[in-house]
Structures are given as C-alpha cells and as structure tokens.
Amino acid sequence: MSRSIGLTREEIMRVQSSFDQMWPNSSVMVDLFYARLFETLPETRPLFRGDMAQLKHKFIATLAVIVGSLDNITGLLSVIGKLAKDHVHYGVEAAHYESVGEALFWSLG
C-alpha cells in the first residue's frame, strides 16, 4: 500500500467523486478558473503566452491526473514535482499561490 497525502481514503474518494461529477462541465470550470485568476491577479496574465485553448486543455488534464493520483503519493509527487519546475520556469512566484488556489476552489464551486 502506498503512502497517502494526509487524506483519509474516504476523503480521497469524495474528492475523486466530486471531480468526476464536475468533469462533464470541465471546460466551463477551466474558463471560470482563468477568468477569476486574471480578475484577482491580473499581473499573471502575461505569464500565459501560449494558445489559451491548449493551456486550458493541459490544465484540466493535469488536474485530472493529480486528482487521480491522490491515493498514490509517489505518482502524485512525480506529477507535482514536474509541475512546480515548469511553473518556476514560466515565472510563477510564491505570492501567486494563494490567489491561484482561491481561483481553483472558486471555479470548482
């Protein structure tokens, strides 16, 4: 059995089930996420230089992998480790994390 991220098995199942329920509307969720992020943290907009449609697709796909890996700490750390390195390269700063998290939870709501 692999280590977890500090969530109980029941909590992980609830997160994954909620994500599965959101999935049919994932494109709306991603649009809401970026709209909220750029509204609350407009200085991040220049960090997104690529095709936004592709970036949105990559965002939701990566989020799906993260949610699917919540019960596999090794896999989860691998995904988020690469994600962290990529985002440092893109210019993301620690000061952005709180607003990004808020935008994510808001858009999931």
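Close-up 1. At 45% relative accessibility, Arg9 falls in the partly exposed class, since buried means under 20% relative accessible area, exposed over 50%, and partly exposed in between (1.4 Å probe, protein chains only). This is a predicted model, where local features need pLDDT of at least 70 and side-chain atom pairs count only at pLDDT 80 or more, while totals for chains, interfaces and linings use all residues. Residues are numbered from 1 along each chain as its sequence is written, and side-chain values use heavy atoms, leaving out hydrogens and water. Arg9 forms a salt bridge with Asp71, with 3.1 Å between the closest N and O atoms; the term stands for a side-chain nitrogen of Lys or Arg within 4 Å of a carboxyl oxygen of Asp or Glu. The two sit 62 residues apart and link distant parts of the chain, Arg9 in helix H1 and Asp71 in the loop between H3 and H4. Helices here are DSSP runs (H or I, at least four residues), as are strands (E, at least two), numbered from the N terminus. Asp71 is partly exposed too, because its relative accessibility is 31%. By the salt-bridge rule, the count comes to five.

**Close-up 2. A pair within helix H1.** Side chains of opposite charge can pair when their charged atoms come close. Here Arg14 and Glu10 form a salt bridge, their closest N and O atoms 3.0 Å apart. They are four residues apart in helix H1, so about one helical turn separates them. Arg14 is partly exposed, at 48% relative accessible area, whereas Glu10 counts as exposed, at 54%.

**Close-up 3. Asp31 meets Lys56.** This salt bridge has an N to O distance of 2.7 Å. Asp31 belongs to helix H2 and Lys56 to helix H3, 25 residues apart, so the pair links distant parts of the chain. Asp31 is partly exposed at 39% relative accessibility, and Lys56 is partly exposed at 24%. For a sense of scale, pick out Met13 in helix H1. Met13 is 18 residues from Asp31 in sequence and 25 Å away in space, C-alpha to C-alpha. With a relative accessible area of 47%, Met13 is partly exposed.

**Close-up 4. A nonpolar patch on the surface.** Val28, Leu32 and Trp106 make up this patch, with about 260 Å² of accessible area together. Patches take residues with over 30% relative accessible area and no salt bridge, joining like charges within 9 Å and nonpolar side chains (Val, Leu, Ile, Met, Phe, Trp, Tyr) within 5 Å. Val28 has its place in helix H2 (residues 26-40) and is partly exposed, at 45% relative accessibility.

**Close-up 5. The largest pocket.** Its volume is about 1,400 Å³. Of the 39 residues lining this pocket, Phe59, Ile66, Leu83, His87 and Val100 are the closest to its centre. A pocket is an open set of points on a 1 Å grid over the protein atoms alone, where a 1.4 Å probe fits, with protein on both sides within 12 Å along at least five of seven lines; lining residues have an atom within 4 Å of a point. H4 gives the largest share of the lining, 10 residues. By class, the lining has 28 nonpolar, seven polar and four charged residues. Ala, Val, Leu, Ile, Met, Phe, Trp, Tyr, Cys and Pro count as nonpolar, Asp, Glu, Lys and Arg as charged, and the others, Gly among them, as polar.

Conventions:
Accessible areas come from the Shrake-Rupley method with a 1.4 Å probe; for residues, only the protein chains shown count as cover. Grid points are joined across faces, edges and corners, and a volume is the space filled by probe spheres set on the points.
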